[in-house]
2 protein chains.
Amino acid sequence: MKVDGRVFRTIWRDAQSGNVAIIDQTKLPHAFVIAELRGVDDAWHAIADMQVRGAPLIGVAAAYGLVLALRADASDANLAAAANYLATARPTAINLAWALNDMRRVLAPLPPSQRPERAFARAGELADADVAVNDSIGTHGLATFRELASRKNGRLNILTHCNAGWLATVDWGTATAPIYKGHESGLDLHVFVDETRPRNQGAALTAWELAHHGVPHTLIADNAGGHLMQQGKVDLVIVGTDRTTASGDVCNKIGTYLKALAAHDNGVPFYVAAPSSSIDYGTYAGTDVPIEMRGEEEVTHMTGATADGRIETVRIAPEGSPALNPAFDVTPARLVTGLITERGIIAANADALARAFPERVKAAA
Amino acid sequence: MKVDGRVFRTIWRDAQSGNVAIIDQTKLPHAFVIAELRGVDDAWHAIADMQVRGAPLIGVAAAYGLVLALRADASDANLAAAANYLATARPTAINLAWALNDMRRVLAPLPPSQRPERAFARAGELADADVAVNDSIGTHGLATFRELASRKNGRLNILTHCNAGWLATVDWGTATAPIYKGHESGLDLHVFVDETRPRNQGAALTAWELAHHGVPHTLIADNAGGHLMQQGKVDLVIVGTDRTTASGDVCNKIGTYLKALAAHDNGVPFYVAAPSSSIDYGTYAGTDVPIEMRGEEEVTHMTGATADGRIETVRIAPEGSPALNPAFDVTPARLVTGLITERGIIAANADALARAFPERVKAAA
């Protein structure tokens, strides 16, 4: 998408150096920094340190990491070693293993001399495939946005939680794809952005990407969404998903469940942008999804920019008060209006999910 | 309650100067500072700038503000002018108007020469009455805590939002009164404290007061409460209220409604500590309560302490992203298990409320 008028993806091959370039997301929203990945270690750290994050982007970044490894040494031994190494960068992300397996399947049969070039091409194909999936989610979602907009006068007000934006993918984003498509096609829309404590991905990433692309938006505390829905100020909620189970339960950033409850209580449609890669056909109930517990300093401390531009980390809690930091929660399928996939919008239940991606059901069996 | 072993109230008359002393809550949790109020302007600013906050404490602080006004000029004109002025300091809490009306009722019939002394005495009576009310709420609430504790093995886990603690009152707090009473009487309890964005009263005040009094607690992001309830880790929710209507709708800190929805969805009892002074018998529906909109910098900026002890304010949002900051929301009566008042626990409906405080209904008619 655009950053102040210039088109970017989140990851690309630098034509001159042959290295891989990324937007360093740890520097947002205070600085827009392009980082260069020169070798497999750079790629591993970019994923582990969350310079790139978001399940779809992590997968593509791992593929590019393998490219850089093979540029240095395209042997069978290094192909295996580098793939195993990269898989450890974020062990919970399903896309990481998926992308690395795809690369090995394509590259292993080739003679080492042909691997570097084919690896770059294949990583580019994976990146393009992610863009195509999100493009399709955008098209399907936009049809729903237009229908909701047609039932009211004036601007369509959308609420989103966390960052399922283009920064979490190669381009378009998942939850943001219909937002960008709507905005570009002249639909009068506005986005309420949950700041998304404790890591503040809404404030730091979603607000930033919407601002720099020019999409009208308003930042709100996570606490405010229920009130805005009670007041009729939200026409629909759309979020991403880290994992949707075979029964339609949606595991997503902590706090998503509370917004789904409020949407349900106020008759506000609650949509989940769910590329098929995020659907786990091997798990039925959301309660079976393991929930990552993260460090308490994410709750007790906050990083931002001072008025004179210094980046400072401040403690906002009393010294000595312990904190608990579950990173995800599960929204039961009964609260989900629809799952927006690359094959259209489907109901959040086992039958609809099985019908939509029968080949995935078969693979999981 | 205690601050590291020493007993404090949140507001008192300084015996030497005759001025009013408060704990400056804007400095917490990083510094414990006593501020002196010398005149009505100091009192107005202490309320408006939230050096004192919490509906019960605001009422008593306004009464002391009137004391300071009358010390300077005890005329009829100044009594009316100062009361009207103080009433503008905060818009939502009903206690402000209630306390000022009480003071005028007591003071207006007196000759101006007798007003200053009687005003100080009456403000002290209001402060003592607040303590007595909270003491009673604590006793009634604790009986329910004990009953819930008797149905399970192990520690009673309580979740609270914002600060309805002793810092929000003269002493005991409303929601915290049964917590302190339970803790002091040996009940094994633990409190999950919502950080309560955007002003962080949970992290800055509730965690601080529990820590300094020695009550086991854990700080969590506002987003986490629903997940903890799904996991069975919360035995009850207890919150305060800025205004409860005659039908039992509860206006309280933004985000309370989301926790009430989650409690209802998971069968977790949701209690509201509601001193009768916070019940507005002149308003029936929660939707008729005016909701204060506060400055957007509370959402976009955060203040805390750096590792080397400096207090810094940092921007956590992108420059140029607007923010919206509603300070309260309304929890419908249907989501409230019970209102814990100084006359016992009553159902959140018009009949029960009318029966509990018939004299208040008459006064509002």
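1. A residue is called buried here when its relative accessible area is under 20%, exposed when that area is over 50%, and partly exposed in between, with a 1.4 Å probe and protein chains only. By that rule R334(A) counts as exposed, because its relative accessibility is 53%.

2. This is a predicted model, in which local features need pLDDT of at least 70 and side-chain atom pairs count only at pLDDT 80 or more, whereas totals for chains, interfaces and linings use all residues. Residues are numbered from 1 along each chain as its sequence is written, chains are lettered from A and ligands numbered from 1 in the order in which they are written, and side-chain values use heavy atoms, with hydrogens and water left out.

3. On the interface: chain A brings 61 residues to the contact and chain B likewise 61 residues, where contact means heavy atoms within 4.5 Å. The size of an interface is often given as the accessible area lost when the parts come together. Between chain A and chain B the buried area is about 4,700 Å², and carbon and sulfur atoms give 60% of it; buried area is the accessible area (1.4 Å probe) that two parts lose on being put together, summed over both.

4. On polar links across the interface: 28 residue pairs of chain A and chain B are in polar contact, both residues being at pLDDT 80 or more. A polar contact is a pair of N or O atoms within 3.5 Å; within protein, one must be able to donate a hydrogen and the other to accept it, and residues adjacent in sequence count only if both atoms are side-chain atoms. On the side of chain A that touches chain B, helix α9 (residues 256-265) of chain A gives the most, with six residues; helices (H or I, at least four residues) and strands (E, at least two) are DSSP runs, numbered from the N terminus. The residues of that side of chain A divide into 33 nonpolar, 18 polar and ten charged, with Ala, Val, Leu, Ile, Met, Phe, Trp, Tyr, Cys and Pro taken as nonpolar, Asp, Glu, Lys and Arg as charged, and the others, Gly among them, as polar.

5. On salt bridges between the chains: six salt bridges are counted between chain A and chain B, a salt bridge being a side-chain nitrogen of Lys or Arg within 4 Å of a carboxyl oxygen of Asp or Glu. One of them pairs E195(B) with R197(A) at 2.5 Å, N to O. R334(A) also forms a salt bridge with D265(B), with the closest N and O atoms 3.0 Å apart. Because R334(A) lies in the loop between β17 (328-331) and β18 (338-341) of chain A and D265(B) in helix α9 (residues 256-265) of chain B, this pair joins two chains. D265(B) is partly exposed, at 27% relative accessibility. A network of salt bridges links D308(A), R310(A), E312(A), D308(B), R310(B) and E312(B).

6. On salt bridges within a chain: over all chains the count comes to 49 salt bridges. K181(A) and D135(A) meet in one at 3.1 Å, N to O, and this pair links distant parts of the chain, with K181(A) in helix α6 (residues 177-184) and D135(A) in helix α5 (residues 115-150) of chain A, 46 residues apart. K181(A) counts as buried, at 16% relative accessibility, while D135(A) is partly exposed, at 29%. In chain B, R9(B) forms a salt bridge with D128(B), the closest N and O atoms being 2.9 Å apart.

7. On strand pairing: strand β16 (residues 323-324) of chain A pairs in the parallel sense with strand β8 (residues 217-220) of chain B over two bridges, and two strands pair if DSSP finds at least two bridges between them. In β8(B), I220(B) is the bridge partner of L324(A). Within chain B, an open sheet of four strands has the order β13-β10-β11-β17, with mixed pairing; β13 (279-280) and β17 (328-331) are its edge strands, each pairing on one side only.

8. On K253(B): this residue lies in strand β11 of chain B and counts as buried, at 8% relative accessibility. K253(B) and A327(B) are 74 residues apart in sequence and 6.1 Å apart in space, C-alpha to C-alpha. Leaving aside neighbours within four places in sequence, the residues in contact with K253(B) include H161(B), D242(B), A327(B) and D329(B).
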